[in-house]
Amino acid sequence: MTTLRASAENNALRHPKFVLYWIAIGCTSFAVQIMSVSVGWEIYDITRDPLYLGYVGLAQFLPPLLLVLVTGLAADRFNRRLIMAACLTLEALCALGLLLFTMSHPSNVTPVFGILVVLGIGRAFMNPSSDALAPNLVPKEAIAHAISLTTMIWQTANIAGPVAGGLLYGIAGPVAFGVALALVAIAAVLILAIGRVPQTRETAAEETTLGTLFAGFAFIRREKIVLGAVSLDLFAVLLGGAVALLPVYARDILDVGPWGLGLLRAAPGVGAVSMALYLARYGIRDHAGRILFIFVALFGLFTMVFGLSKSVPLSIAALVLMGACDMVSVYIRETLLQLWTPDEVRGRVNAVNRVFIGASNELGEFRAGMVARLIGAVAAVAAGGAGTMGVAFFWSRWFPELRTARRLDGRG
């Protein structure tokens, strides 16, 4: 993994098309975070039921899951830039829908879930195309720097976006959704401004068969270390995710209001960026498997600390450490995928990977909301953290290849 400081020939920012793409990713990432915080607060403010916070995650997870066989193939077969532009346009319409909903002073949250499903469909098609487009915008020697820059802008949005969302929603709900709409519209214009992009589409002439559709799943199943790493992250975050319940903690447990909710949402991003900067400089050179399992277990431990805490400083510190530990898992998983995935199936593998990420995040939000309704938010988060620690233990036994892996590439 390279550092963010790049030589002239390796600097992705020397390529105008990538710069437009990079700014667009930043705009849409900020918009997603602003909408996420605002929707969560608004729904809980109306319903006061944590189960509805779980439904938010479910509404966004189901479209990528149900469409995974076609979204990745579309990214491999059709123009990735135009797919992104179309999906961003759809996302802008969803932001407009949320804006109009908020302005109507609603008492029924059902329309929000319809909008979130449409938003999930758009992002289901956009994410694999976006992931696969970046390598087409820069020469091979600048790809590593491009990935570093894209990761950093995404993590920056994870930090500043929730804070901005909390502040904007605290001013007025329509202001928050209006800013999100403007950011997504800017992103769509920037993607269209990129112009023609060279793209190898070898699958365009292939007959669509079951083998073609399931190529991403087949690749991950065949590579046991990749399967272990991806499934470990899936179940660890699925059980240990606490983000969906942050509105409950902000309003009922820590009593910090919308602005405090933004701080809580930003805290994991602070930890993730800090860890990303460390990994970008030093990387993981040995004992990658052991390090992965240790940090997944620590993620579960700090989740338990957050769940049981009634102190704002301790809660924020626990969330920061959760983000740092999760970043180690993300780093190892994404490095494995980047090094081992053939170009011709990149879109399909990324689509499957996005489903795994969605399952751990959005489906995890549904699990958290459902369990919180049954046993309370504190018990739900604490039990989830304990479950994550259990997952780390059992996966270390079930995937010995991953536990004993030393180099991330597994080569040579």
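This is a predicted model: local features need pLDDT of at least 70, side-chain atom pairs count only at pLDDT 80 or more; totals for chains, interfaces and linings use all residues.
**Entry 1**

As a reminder to myself, side chains of opposite charge can pair when their charged atoms come close. How many salt bridges does a search of the whole structure find? I got 1. I also looked up the accessibility of Glu91, and at 2% relative accessibility this residue counts as buried, because the cut-off is under 20%.

**Entry 1: helix α4**

Helix α4 runs over residues 80-103, which makes 24 residues. After the helix comes His105, and I wrote down its phi as positive, near 50°.

Leu93, Leu96, Leu100 and Met103 make a nonpolar surface patch of about 380 Å². I picked out Leu96, which is found in helix α4. Leu96 has 33% relative accessibility, so I filed it as partly exposed, a class that lies between the 20% and 50% cut-offs.

**Entry 2: Gly385**

Next I went to helix α16 (residues 377-398), where Gly385 is found. Is Gly385 buried or exposed? I have it as buried, because its relative accessibility is 0%. Which residues does Gly385 touch, not counting those up to four places away in sequence? My list is Leu239, Gly240, Gly300, Thr303 and Met304. I took a further look at Gly300: its C-alpha atom and that of Gly385 are separated by 4.1 Å, although the two residues are 85 residues apart along the chain.

**Entry 3: Ser315**

I moved on to Ser315 in helix α14 (residues 312-340). With a relative accessible area of 0%, Ser315 is buried. Where does its side chain reach? I traced it to the backbone oxygen of Ser311, at 2.8 Å. Leaving aside neighbours within four places in sequence, I found Ser315 in contact with Leu254, Phe306 and Ser309.

**Entry 4: Asp255**

I noted a phi near 55° for Asp255, a positive value in a residue other than glycine. Asp255 is exposed, since its relative accessible area is 64% and the cut-off is over 50%.

**Entry 5: the protein overall**

I finished with totals. The protein has 17 helices and 0 strands. Of its 412 residues, I have 55% down as buried. I looked at contacts with a separation of 6 or more, and residues 24 or more positions apart account for 88% of them. The accessible surface comes to about 17200 Å², and carbon and sulfur atoms hold 66% of that.

How values were computed. Residues are numbered from 1 along each chain as its sequence is written. Side-chain values use heavy atoms; hydrogens and water are left out. Helices (H or I, at least four residues) and strands (E, at least two) are DSSP runs, numbered from the N terminus. Buried means under 20% relative accessible area, exposed over 50%, partly exposed in between (1.4 Å probe, protein chains only). A polar contact is a pair of N or O atoms within 3.5 Å; within protein, one must be able to donate a hydrogen and the other to accept it, and residues adjacent in sequence count only if both atoms are side-chain atoms. Contact means heavy atoms within 4.5 Å. The expected span of a helix is 1.5 Å times one less than its number of residues. Accessible areas come from the Shrake-Rupley method with a 1.4 Å probe; for residues, only the protein chains shown count as cover. Patches are made of residues with over 30% relative accessible area and no salt bridge: like charges are joined within 9 Å, nonpolar side chains (Val, Leu, Ile, Met, Phe, Trp, Tyr) within 5 Å. A salt bridge is a side-chain nitrogen of Lys or Arg within 4 Å of a carboxyl oxygen of Asp or Glu.
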